[in-house]
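Take a look at the fold below.

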Amino acid sequence: MKDLLKLKSSLKEEIENILNAQIKVEAHSSALYLAMSSWCDDQGLENAAEFFAKQSNEEREHMLKLFNYINNRGGRAISPEVTGIPQDFESFRGVFEQTLEQEMFVTEQFNNIADKCAKAKDYVTFNFVQWFLEEQVEEEFVARRILELFDVIGEDGTGRWEIDKHLVKVTFAGE
């Protein structure tokens, strides 16, 4: 029993490290989406600005979920430094293309985490990560559907305004 009390964390160091790395990815996503929100607001794209502000908050919640999980398992969560966030973007479509790329990257990272958890036989963390993987299905779906609006409506003339008006209607119904 005495030796058990010395064991501070039930997380393996490798798992704790990759979860801390994911905290940084989520913080980066949050900051990126906040910058996109500001850019869209500056462009007069109110719905897109609100969409990205909401996305930013969701990513921060994801970051905190990971942060608290590490601490609750006896590990040490690291508050990340976030740098290199762009403040200007090439185009309205470009922000959504970058969003889809970011979400696909995040999905890949969570797949890697799940793989490492399975190999380390950390099924508690493997189970925890499943929520994030399911969430990524929704995130990628919404980004793809919004990009389809650009193909269907086009940005010429009042197209940007129409896309901004319709993007709030894009939702994920699940299976």
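This is a predicted model: local features need pLDDT of at least 70, side-chain atom pairs count only at pLDDT 80 or more; totals for chains, interfaces and linings use all residues.

Residues are numbered from 1 along each chain as its sequence is written, and side-chain values use heavy atoms, with hydrogens and water left out.

The protein has 6 helices and 0 strands. Helices (H or I, at least four residues) and strands (E, at least two) are DSSP runs, numbered from the N terminus. From that terminus on, the order is α-α-α-α-α-α. The C-alpha trace spans about 70 × 35 × 20 Å along its principal axes. Of the 175 residues, 44% are buried. Buried means under 20% relative accessible area, exposed over 50%, and partly exposed in between (1.4 Å probe, protein chains only).

Now the helix pair. Two packed helices are described by the angle between their axes and the distance between the axes. Helix α4 covers residues 92-119 and helix α5 residues 123-153; their axes come within 9 Å and cross at roughly 160°. The axes are lines fitted to C-alpha atoms, for helices over the stretch in contact, and angles run from 0 to 180 degrees between N-to-C directions. α4 and α5 are therefore roughly antiparallel to each other. That label applies to angles over 145 degrees; under 35 is roughly parallel, 65 to 115 roughly perpendicular, and the rest oblique. The residues of the contact of α4 with α5 divide into 19 nonpolar, 6 polar and 7 charged. Ala, Val, Leu, Ile, Met, Phe, Trp, Tyr, Cys and Pro count as nonpolar, Asp, Glu, Lys and Arg as charged, and the others, Gly among them, as polar.

Glu 101 sits in helix α4. Is Glu 101 buried or exposed? Glu 101 counts as exposed, because its relative accessibility is 56%. Its C-alpha atom is separated by 17 Å from that of Glu 134, 33 residues apart along the chain.

Last, the largest pocket. A pocket here is an open set of points on a 1 Å grid where a 1.4 Å probe fits, with protein on both sides within 12 Å along at least five of seven lines; lining residues have an atom within 4 Å of a point. The largest pocket is lined by 14 residues, with Phe 51, Lys 54, Gln 55, Val 168 and Val 170 nearest its centre. α3 (46-72) and α5 each supply at least two lining residues. The largest share, 6 residues, comes from α3. By class, the lining has 6 nonpolar, 3 polar and 5 charged residues.
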